[in-house]
Amino acid sequence: MAEVMSMGDIEAFLNKHRVDLDSIQLPSGEDFGIPTDNEDALSKEEALFGNVIVVDNLPVVTADRYDRLVRATRKMFGITQENSLLMPVNWGISWEAQLAMERNNNRRLGNSQYILAVNLFDDFNRFMEIADEWASPEIKQYTPCENLQQWLTDTKARDQFVIRAGNDTEIFWNDPRQSGPNLVYRRTYWTDSFVQWSSYGTYLATVHKQGVAVWGGAASFGCLSRCAHTQVKFIDFSPGEKYLVTYSSHEPSSSCETHRVVLNIFDVKTGKVMRNFEGSADEFAIGGGTGGFSWPFFRWGGGKDDKYFARIKKDAISIYETGNFTLIDKKSLRVENVLDFSWSPADPIIALFVPELDGGKQPAKVSLVQIPGKGELRQKNVFSVIDSKMYWQSNGEFLAVKMNRYTKTRKSTYANIPIEVLELENKNESIIAFVWEPKGCRFAIIHGDALKVDVSFYSMRTATNTGRVSKLTTLHGKNASALHWSPSGRFVVIAGLNGQLEFYDVDELETMATAEHFMATNIEWDPTGRYVATAVTSVHEMENGFNIWSFTGKLLYKVSKDHFHQFSWRPRPPSFLTAGKEEEISNNLNEYSKKYETEDEEATAQLHKKNRQNRKMLQEEWDSWIKKSKQLHEEEKLERHLLRDGEASDDEAAQTEVEDLLDVREEVVPYWFDRE
């Protein structure tokens, strides 16, 4: 039988299983290989008991149900070793024990009436040591924390980026006026796999086998919180940076088990798990088993408040509130055969797509659903649709739905975008890429067949009408595979195969520059839209590194790095300025620009001065080398004289020229008019 342990039972158990703590090999890597401030002050006994939890309220069972209780408890707490259920020990790290406690405290055991109470073993000692008489707490001196937004106050208005090359992770200021990056922070073995900025650039997450560490700052990058999740593979910050979603998948340990998936949602500031989801891989496939796994798994709504998150299931969309991390109205939104959904970036509205059914008898539909009421705002039926993809404009003003449709014979497909329905002139063409202009009303598409593609630009706003699509221009016969709009709009980079780049101005409808970064694998605009980074990562064995370009297509500088893995700009939060204030600054830009023009001139002068100093240093080195060479030549003059049997070889006047005729040939060459 499994019984609840009293404190006396615990003490007896400890005495029975007493071990020499000095002989225990404590688990390594608990801090992701990063020493804590008080690591030396921790005794082995304290570290050991930090890995132990005590579970109360387990049911009293008979012998024939004991094995079932063992299996259920092992599965609930993730115990894989042969440890006593009365006193489970040998947790891998204290974080796992903390995570197990947070997940399972006040949790119901299966469908039974038993509600578990889970505590860390250290808590028992802490509670027992509480004095009987109250004493006023010690007032600790306030120590101000680092301003996590300080990097935004850079006097040069520079942006930061992070790179990973080899075992090093480095953070730089982008400083084109100095023709190169300026190192801010470097750390070796900072992550086991990759790093990721939060949505507004406040935090940097590093991924380890034990979980995720969250860092912040402008220069020091201290650890702010830790989120325990073993074997984590993917992470995703919520749009408002409040929460972090982690994902791991675990191979079955036996043939009777299935592939297991674990998702956790953490509070970024505290590292506390707010909700976890576990199940088989099929349960987390798109549509509840009808498709493959897609990341990010949860899609967030409610703007910067991170009020809602949702997932798609079979015939349903489960929408949760972050206030209590439970389903809205305690039930999912039922939508038969729903295939995809997308949140509006501005309002709590979900756009969902349902494909056609019964061989086309029931048309496909796109619906807009208001949250939390779940009322349908609008629905549009479309016919002969095989699949679709939805694209919200950044301000939530427009929604585009790219659809692949059957022809009348249903033997082939063609693409269109039903924004006041736009169909391509050539129905044999397919839409390769669709991208909205950020903060704008224009969009661009790549369309064509396998042999030829075109790039077309459209607008949803004209001088006389808003909400109707109008074509701006088409660029024919382009080597284009992707489109990258500037975050500020207007400018776009048309990327082709093998790293071909075209910098295009949509306002003027003209190409500003063409360039190439051979084998480029990544293209990324900086948050301000002033610079573009192109990178060749280690998927290629050669030419690893990155280039920084101006928005007009001028190469500013390039950096070569062996074993280059990752480049990522640090995002910026939304501007605090109102639309009116931004317009005022834009109208008075000439006044503001004088200051920066002066700074640019000073930076250019300093750069020229630095170049002159560098050239002067090179000239001095060359003159010094020439002087030493002449001195050495003079010192060896006598030795050369002896080696040449007294001949004065250094005296040019004493030298004689000797010519030898080696061969004479004659050949008759015909005139050009004699040749055939």
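Two strands count as paired if DSSP finds at least two bridges between them, and that idea runs through much of this briefing. Helices (H or I, at least four residues) and strands (E, at least two) are DSSP runs, numbered from the N terminus. What you're looking at is a predicted model, in which local features need pLDDT of at least 70 and side-chain atom pairs count only at pLDDT 80 or more, while totals for chains, interfaces and linings use all residues. Residues are numbered from 1 along each chain as its sequence is written, and side-chain values use heavy atoms, with hydrogens and water left out.

- Strand 12 (residues 260-267) and strand 13 run antiparallel and are joined by 7 bridges.
- Look for R260, which stands opposite S280 in strand 13.

- Another open sheet has 4 strands, ordered 19-20-21-22 and paired antiparallel.
- Its edges are strand 19 (340-343) and strand 22 (375-382); each has a single partner strand, so one side of each is left without a neighbour in the sheet.
- The average twist from one strand to the next is 15°.
- Between strand 21 (residues 364-370) and strand 22, which run antiparallel, there are 7 bridges.
- Opposite V366 you'll find K380 in strand 22.

**Nonpolar cores**

- A nonpolar core is a set of buried Ala, Val, Leu, Ile, Met, Phe, Trp, Tyr and Cys residues joined through side-chain atoms within 4.5 Å; buried means under 20% relative accessible area, exposed over 50%, and partly exposed in between (1.4 Å probe, protein chains only).
- The largest such core has 17 residues, and Y203, V212, I235, F237, L244 and V268 have the most contacts inside it.
- At least two residues of this core come from each of strand 7 (203-207), strand 8 (211-216), strand 9 (222-228) and strand 10 (234-237).
- Strand 7 gives the largest share of this core, 3 residues.
- Apart from that core lies another one, of 16 residues, including Y308, I328, L333 and W343.
- If you skip neighbours within four places in sequence, L244 is in contact (heavy atoms within 4.5 Å) with V212, C227, I235, D236, F237, N264, I265, F266 and V268.

- S388 belongs to strand 23 (residues 385-392), and its 16% relative accessibility makes it count as buried.
- Again skipping neighbours within four places in sequence, S388 is in contact with F353, V401, K402 and M403.
- Strand 29 (residues 453-461) is mostly covered, with 8 of its 9 residues buried.
- Strand 28 (residues 442-448) pairs with strand 29 in the antiparallel sense over 7 bridges, and A444 has F457 in strand 29 as its bridge partner.

**Helix 7**

- Helix 7 (residues 589-635) has 47 residues and reaches 68 Å from its first C-alpha to its last, close to the 69 Å expected at 1.5 Å a residue; the expected span is 1.5 Å times one less than the number of residues.
- At K595, helix 7 bends by about 25°, the bend being the angle between axes fitted to the seven residues ending there and the seven starting there.
- Buried residues in helix 7 include S593, A603 and L607.

How values were computed:
Axes are lines fitted to C-alpha atoms, for helices over the stretch in contact, and angles run from 0 to 180 degrees between N-to-C directions.
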